[in-house]
Amino acid sequence: MGNERVGEVAGADAIDARLAARLAELRTERGWSLGELAERSGVSRSTLSRAERAEISPTAALLNRLCGVYGRTMSRLLSEVEAEPVQVVRAAEQRIWEDRASGFVRRSVSPPDAGLRGELVEGRLAAGADIAYDRPPVPGLEQHIWVLDGALEVTAQGATHELAAGDCLRLRVWGPTRFRSPGPEEARYALAVILP
């Protein structure tokens with residue numbers, strides 16, 4: 001059991017390292033300095049620098065801001081740090097990314113392919129967890145949020161939707177959104193994301 005955990009941590013470290021390299025690549029492809037990226041994203045220069053050097057594991061909110069600047073969904077960005085695109089990804093091989101600070105766990109269910117417009121993600125929010133995104137990664141992004149277990153509150157376009165197991169919310173995201181798990185148990189949901 002101890003060796004499995006070490007392997008999981010090593011795998012997470014490898015993903016963080018590839019993600020850091022990809023973030024640096026995206027910035028340099030555009031010819032932006034860290035200062036320019038900081039202005040565009042609203043993220044401090046030092047945080048961006050530390051993220052690009054894999055000194056920190058970026059939070060969901062940070063990745064969301066960077067995805068917005070780079071015109072990508074979070075799944076697309078994460079798929080870009082994968083090796084080869086595949087048609088089938090087994091449950092045991094699906095990439096899991098965790099934002100421990102916010103109590104958010106994200107599983108990329110769809111096989112990664114940057115060329116496709118739709119993707120399926122499983123999200124889990126610990127009871128009491130609350131994540132706010134100041135903007136969508138891509139304006140007009142279509143989302144279908146299907147609650148599998150627990151309860152989830154989703155706020156978008158000034159309206160709060162209280163969802164229970166089995167409920168599904170469909171929306172286009174233009175502005176800030178908020179996902180909150182009111183408890184008492186974690187919220188588990190399927191998220192279908194479709195680029196405009």
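Helices here are DSSP runs of H or I with at least four residues, strands are runs of E with at least two, and both are numbered from the N terminus. The model is predicted: local features need pLDDT of at least 70 and side-chain atom pairs count only at pLDDT 80 or more, whereas totals for chains, interfaces and linings use all residues. Residues are numbered from 1 along each chain as its sequence is written, and side-chain values use heavy atoms, with hydrogens and water left out.

H4 is mostly covered, with eight of its eleven residues buried. Buried denotes under 20% relative accessible area, exposed over 50%, and partly exposed in between, with a 1.4 Å probe and protein chains only. Among the buried residues of H4 are Ala60, Leu62, Asn64 and Tyr70.

## Packing of H2 against H4

Helix H2 (residues 34–41) packs with H4 at an angle of about 100 degrees, and their axes are 9 Å apart. Axes are lines fitted to C-alpha atoms, for helices over the stretch in contact, and angles between N-to-C directions run from 0 to 180 degrees. H2 and H4 are therefore roughly perpendicular to each other, a label for angles of 65 to 115 degrees; under 35 degrees is roughly parallel, over 145 roughly antiparallel, and the rest oblique.

From H2, Leu37, Arg40 and Ser41 meet Arg65, Leu66, Val69 and Tyr70 of H4. Contact means heavy atoms within 4.5 Å.

## The nonpolar core

The largest nonpolar core contains 45 residues, and those with the most contacts inside it are Leu48, Phe104, Ile145, Leu152 and Phe179. Helix H4 (residues 60–70) supplies the largest share of this core, seven residues. Such a core is a set of buried Ala, Val, Leu, Ile, Met, Phe, Trp, Tyr and Cys residues joined through side-chain atoms within 4.5 Å.

Apart from neighbours within four places in sequence, Leu48 is in contact with residues including Leu34, Leu37, Leu62 and Leu66.

## The six-stranded sheet

An open sheet is formed by six strands in the order E1-E2-E3-E10-E5-E8, with antiparallel pairing. Strand E1 (96–99) and strand E8 (168–173) stand at the edges with a single partner strand each, so one side of each has no neighbour in the sheet. From one strand to the next, the twist averages 20 degrees. Two strands pair if DSSP finds at least two bridges between them.

E1 and E2 are antiparallel and joined by four bridges, and Trp97 has Arg106 in E2 as its bridge partner. These two strands form a hairpin with four residues between them, and Gly103 in the turn has a positive phi of about 75 degrees. Trp97 and Asp99 make up the covered face of E1, while Ile96 and Glu98 make up the uncovered one.

## Further pairings and Asp130

Strand E2 (residues 104–108) pairs with strand E3 (residues 118–125) over five bridges in the antiparallel sense, with Ser108 opposite Val121 in E3. Strand E5 (residues 141–149) is joined to E8 by six bridges and to strand E10 (residues 187–194) by seven. Glu142 stands opposite Arg172 in E8, and its bridge partner in E10 is Ile194.

Asp130 belongs to strand E4 (residues 130–133). Because its relative accessibility is 34%, Asp130 counts as partly exposed. Asp130 touches Arg178, Phe179 and Arg180, leaving out residues up to four places away in sequence. Asp130 and Ser181 are 51 residues apart in sequence and 6.5 Å apart in space, C-alpha to C-alpha.
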